[in-house]
Amino acid sequence: MDIKHVAVFCGSNLGNDPAFKTEIIALANALLEKEWGLVYGGGHRGLMGEISSYMLQNGAHTIGVSPKRFYKAGDEEKSSEFHLVDTMHERKAMMYRLSDAFIIFPGGIGTLDEYAEISTWHQIGFSGKPVAVLNVNGFFDGLIAQIDHMIECGFIKEETRGEYFFSDSIDEIINYLSEYEYVKGKWE
């Protein structure tokens with residue numbers, strides 16, 4: 001699969017584990033090494049700000065997509081390319097269109113919402129693009145358990161379990177995305 005830009009969904013706060021900041025920079029370095037650009041939510045605080053600023057400073061093409069409600073004067077100068085949209089729905093749709101793959105990183109409810117939506121699109125055939133979750137220090141262990149529980153309860157088909165890729169290794173995430181065989185979603 002030819003990847004040009006990867007959307008990274010992550011927190012607009014830093015969180016209270018120093019590993020989050022360390023790992024977001026390590027992820028940025030891995031993306032830079034692959035010469036993949038970044039698509040992100042347009043904000044410049046927290047983990048989102050860390051990865052976008054670091055990648056831009058190191059020569060990557062960065063694309064910020066922000067709802068007008070969150071726009072701060074000068075945001076557009078902190079990205080290679082910047083888009084303002086009206087709603088969070090439009091933000092996610094544009095980020096989807098501009099990205100070839102998705103990495104989910106620790107964050108809050110907004111990050112969980114982004115993961116749920118992109119995973120749903122993948123599962124029902126609206127998307128054939130790869131989605132990978134970087135499980136820093138077990139942050140997503142509860143989500144993994146919840147997905148397993150949904151499978152056990154018959155709400156997710158067992159045969160789709162492989163579509164939920166979680167790893168605590170940046171190298172495994174990058175390899176997964178690099179080796180992913182894109183299959184156009186049936187509704188794309």
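Start at the largest pocket, which holds about 610 Å³ of space. (A pocket is an open set of points on a 1 Å grid over the protein atoms alone, where a 1.4 Å probe fits, with protein on both sides within 12 Å along at least five of seven lines; lining residues have an atom within 4 Å of a point. Volume is the space filled by probe spheres set on the points.) You're in a predicted model, where local features need pLDDT of at least 70 and side-chain atom pairs pLDDT 80 or more, while totals for chains, interfaces and linings use all residues. Numbering runs from 1 along each chain as its sequence is written, and side-chain values use heavy atoms, without hydrogens or water.

Now select Gly11, Ser12, Arg45, Met48 and Arg91: of the 31 lining residues, these are the closest to the pocket's centre. Then colour helix H4 (109–124), which gives the most to this lining, with 4 residues. (Helices are DSSP runs of H or I, at least four residues, numbered from the N terminus.)

Last stop: select 18–34 and 46–57, helices H1 and H2. Their axes (lines fitted to C-alpha atoms over the stretch in contact) lie 9 Å apart, at an angle of about 35 degrees. Look for Phe20 and Leu27 of H1 and Leu47 and Tyr54 of H2, among the residues making the contact (heavy atoms within 4.5 Å).

Methods:
Axes are lines fitted to C-alpha atoms, for helices over the stretch in contact, and angles run from 0 to 180 degrees between N-to-C directions. Helices (H or I, at least four residues) and strands (E, at least two) are DSSP runs, numbered from the N terminus.
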